[in-house]
Amino acid sequence: MQVIKQIQVSRWDEPFTNDIQSEAIAATESGKILLFPTLPFTLTPDEQRFLSPIYVDSKAKNISYNSVTDVLRSAKCSEEEYKNLKAMLQRFSTHATLLVKHLLAPYASALRMGRTSYRPIEISGRVSSYRKDDTRLHVDAFPATPNQGQRILRVFSNINPHGQERFWRVGESFMGVAKRFLPAVRKQLLGERTLLKTFHITKTYRTEYDHIMLQIHDRMKADLAYQKNAPQSDVRFAPGSSWIVQTDHVSHAAMAGQYVLEQTFYLPVNAMQNPEHSPLHILETLTGRTLT
Ligand code: SIN
Ligand code: FE
């Protein structure tokens, strides 16, 4: 399968015909990456000073912004810089929202805003535990914020000023991943979800769906033979390009690159045109159980 669907656009608020909207929805729901090769997010001359890894707190890999609480996290800077960094992330968040609402218009009323992130640290050579190592193929699943079956839809933009691509590997279909790793998933223990919530390890209940997705995420990353031998292709995102991907069903690994902005959205499964493509429906079919 072709993993990329290219869409020519040069403005974040560009209107799209119904045909392009339908094609984009069908492509993203079937596991393709929507790539906008000529859609740069341009920094203001003032913002260009943030093109450096020094603004990230040493314990974090990203700077993140929560538009609901208006809080910027993991930034290491002066008060003035904090204000300007926050404005930069806010502006990206607004641009990403415009793009998604125009291109994926049928989703618009159902989308919930997630975090905005700025990733100024070079990925290759970054050290972390295997679970946090995004250079290994995985599908996204968040330990602390269960999404209870909702889709994870992300908008990325490569703002690298030195001509450096963001280099990903993209793996097999979610069906392939699920069939391979489901047999190894351990059962969720009785009372586990209540315990996790009571001790604030998770913000809401970790449903059986979230449990299975996390197990699949961890087992994919732990399996070095799978990392090497799984069907996969290289994808390179040039500076000045942007892309949309539902990272809960697209197996991906970010191998190299520096300076990317990202906006996360959550989409309820019933807002999809073809809910049977969702990881929730695929896992429910394979297990024969209701998982949320
Ligand atoms: C990831 O979601 O695994 C990382 C993607 C990126 O930062 O390019
Ligand atoms: Fe990921």
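F156, W168, F237 and W243 form one aromatic cluster. The model is a predicted one, in which local features need pLDDT of at least 70, side-chain atom pairs count only at pLDDT 80 or more, and totals for chains, interfaces and linings use all residues. Residues are numbered from 1 along each chain as its sequence is written, chains are lettered from A and ligands numbered from 1 in the order in which they are written, and side-chain values rest on heavy atoms, with hydrogens and water left out.

Aromatic pairs are defined for rings of Phe, Tyr and Trp (its six-membered ring) whose centres lie within 6.5 Å; planes under 30 degrees apart count as stacked, over 60 as edge-to-face and the rest as tilted. The whole structure contains 10 such aromatic pairs. One of them joins W12 and F41 in an edge-to-face arrangement, at 6.4 Å centre to centre with 85° between the planes. Because W12 lies in the loop between strand 1 (4-6) and helix 1 (18-29), and F41 in the loop between strand 2 (33-36) and strand 3 (63-66), the pair ties together parts that are 29 residues apart in sequence. Helices (H or I, at least four residues) and strands (E, at least two) are DSSP runs, numbered from the N terminus. Both W12 and F41 are buried, where buried means under 20% relative accessible area, exposed over 50%, and partly exposed in between (1.4 Å probe, protein chains only).

F156 and W168 form an edge-to-face aromatic pair, with 5.3 Å centre to centre and 90° between the planes. F156 is in strand 6 and W168 in strand 7 (residues 166-170), so this pair ties together parts that are 12 residues apart in sequence. F156 and W168 are both buried.

The aromatic cluster also includes F237, whose backbone oxygen lies 3.0 Å from a polar atom of the side chain of N158. N158 is placed in strand 6 (residues 151-158) and counts as buried because its relative accessibility is 2%. Contact being defined as heavy atoms within 4.5 Å, and residues up to four places away in sequence not being counted, N158 touches residues including F237, W243, Q258 and Y259.

Charged groups also sit over aromatic rings, a criterion that requires NZ of Lys or CZ of Arg within 6 Å of the ring centre and within 35 degrees of the ring normal. The charged end of R236 is placed over the ring of F167, 4.1 Å from its centre, and that of K197 over the ring of Y205, 5.5 Å from its centre.

Salt bridges, each a side-chain nitrogen of Lys or Arg within 4 Å of a carboxyl oxygen of Asp or Glu, number 19 in the structure. E47 and R91 are joined through their side chains by a salt bridge of 2.4 Å, N to O. This pair links distant parts of the chain, with E47 in the loop between strand 2 and strand 3 and R91 in helix 2 (residues 79-103), 44 residues apart. E47 is buried, with a relative accessible area of 6%, whereas R91 is partly exposed, at 25%. The side chains of K221 and D134 form a salt bridge of 3.1 Å, N to O. Distant parts of the chain are again linked, since K221 lies in helix 5 (residues 208-222) and D134 in the loop between strand 5 (112-119) and strand 6, 87 residues apart. K221 and D134 are both buried.

A network of salt bridges links R119, D140, R154 and E262. Within it, the side chains of R154 and D140 meet at 2.9 Å, N to O. R154 counts as buried at 11% relative accessibility. E262, placed in strand 11 (residues 260-267), is also buried, with a relative accessibility of 2%. The side chain of E262 makes a polar contact of 2.6 Å with that of S117, such a contact being a pair of N or O atoms within 3.5 Å; within protein, one must be able to donate a hydrogen and the other to accept it, and residues adjacent in sequence count only if both atoms are side-chain atoms. A polar contact of 2.4 Å joins the side chains of E262 and T264.

H138 counts as buried at 2% relative accessibility, and D140 at 7%.
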